[in-house]
Amino acid sequence: MGIQITPSMLASDFANLEAEAARISGADWLHMDVMDNHFVPNLTLGAPVIEALAKVASQPIDAHLMIEDPDRWAPAYVEAGASSVTFHVEAAAAPVRLAREIRAKGARASMALKPATPIEPYADMLPELDMVLIMTVEPGFGGQKFLDLCLPKIRRTRELIKRHGGDIWLQVDGGVSVETIERCADAGADVFVAGSAVFGADDPDDMVSRLRALGAS
Ligand code: DX5
Ligand code: ZN
């Protein structure tokens, strides 16, 4: 896989999700941010909204679960139609079992790390994963400033992925824009979430193309 762009629908108009997805027809995925007001101090949407969007959107759904107890809830997001399900390792009681369950149900399994969570303790479980998500802001809100302190971890994660072999995608999420995407790509990221950069642009689909070009350069 080359560079992929997954716009965060958190920055789109929640009253018109189908139309908003259609405005970014060039996007590879739709990133859906699930927040439970426990793991993060914000509340967004759950499986029913993902199920509704999955039925009408042409792009597959990339669900990012910022919730407590993903062991209990993540499988329902596969059933709702998400093609990729990301859980936070800080919240998972049994991340290996959970990744296996997500895969067994037919979705890509992905593990997210908050900015202060190191990748090294989880290196041995990389073969259980299809993607690692490195947060480049503290999760909870769109529109925050990109944290450069996360770049060395992106680099180290790419090195570990190379060492373990396998086609594991490396996603970055938070503050990704035309200003910051090249830094992420240079460090080894290949899947880019962008919310405010895409939906704050006059032409969101053109911004998707611009980000893709910069991410590939
Ligand atoms: C933040 C979410 C992100 C967010 C990204 O907790 O996980 O996906 O929507 O928004 P921007 O691109 O505006 O930082
Ligand atoms: Zn997200």
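In which strand is the place of H64? In this predicted model, H64 belongs to strand β3, which covers residues 61–66.

## Annotated positions

UniProt, in an unreviewed entry, assigns the feature "binding site" to H31, D33, H64 and D173. These positions are spread over 143 residues of sequence, yet they cluster in space, with a largest C-alpha distance of 10.6 Å.

The unreviewed UniProt entry also gives the feature "active site" at D33 and D173. That pair spans 141 residues of sequence but is likewise clustered in space, the largest C-alpha distance being 10.6 Å.

## H64 and H31

H64 counts as buried because it has 29 C-beta neighbours inside 10 Å, where 20 or more are required. Leaving aside neighbours within four places in sequence, H64 is in contact with H31, M32, D33, V34, T86, A112, L133 and D173. That list includes H31, D33 and D173, which carry the "binding site" feature in the UniProt record.

H31 is located in strand β2. It is buried, since 29 other C-beta atoms lie within 10 Å. Beyond its neighbours within four places in sequence, H31 is in contact with T6, P7, S8, M9, D62, H64 and V193.

With 25 C-beta neighbours inside 10 Å, D33 counts as buried. Its contacts, leaving aside neighbours within four places in sequence, are S8, L10, T44, H64 and M66.

D173 is part of strand β7, residues 169–173. This residue is buried, as 26 other C-beta atoms lie within 10 Å. Not counting residues up to four places away in sequence, D173 touches H64, L133, M135, T136 and V193.

## Surroundings of ligand 1

Ligand 1 is surrounded by 22 residues, of which the closest are S8, P139, G142, G195 and S196. The elements that contribute two or more residues to this shell are β2 (30–35), β8 (191–194) and α7 (196–199). By class, the shell consists of nine nonpolar, 11 polar and two charged residues.

## The loop residue N42

N42 lies in the loop between β2 and α2 (47–56). Is N42 buried or partly exposed? N42 is partly exposed, because it has 15 other C-beta atoms within 10 Å, and a residue needs 20 or more to be buried.

Leaving aside neighbours within four places in sequence, N42 is in contact with M35, N37, G140 and F141. The C-alpha atoms of N42 and M9 are separated by 15 Å, and the two residues are 33 apart along the chain.

## Helix α4

Helix α4 covers residues 95–104, and its buried residues are P95, L98, A99 and I102. They lie on the same side of α4 because they cover an arc of only 100 degrees around the axis. An α-helix has 3.6 residues a turn, so residues three or four places apart point the same way.

The buried residues of α4 pack against α3 (70–79), β4 (84–88) and β5 (108–113). On the face turned away from the buried side, α4 carries the exposed residues R97 and A104. Just after the helix, G106 adopts a positive phi of about 110 degrees.

How values were computed. Residues are numbered from 1 along each chain as its sequence is written. Chains are lettered from A and ligands numbered from 1 in the order in which they are written. This is a predicted model: local features need pLDDT of at least 70, side-chain atom pairs count only at pLDDT 80 or more; totals for chains, interfaces and linings use all residues. A residue is buried if 20 or more other C-beta atoms lie within 10 Å of its own, exposed if 12 or fewer, and partly exposed in between; C-beta atoms are placed from the backbone. Helices (H or I, at least four residues) and strands (E, at least two) are DSSP runs, numbered from the N terminus. The arc is that of the directions from the helix axis to the C-beta atoms. Two residues are in contact if their C-beta atoms, placed from the backbone, lie within 7 Å. A residue is near a molecule or strand if its C-beta atom, placed from the backbone, lies within 6 Å of it. Ala, Val, Leu, Ile, Met, Phe, Trp, Tyr, Cys and Pro count as nonpolar, Asp, Glu, Lys and Arg as charged, and the others, Gly among them, as polar. UniProt positions are given in the numbering used here, feature names are shortened, and annotations may be inferred rather than shown by experiment.
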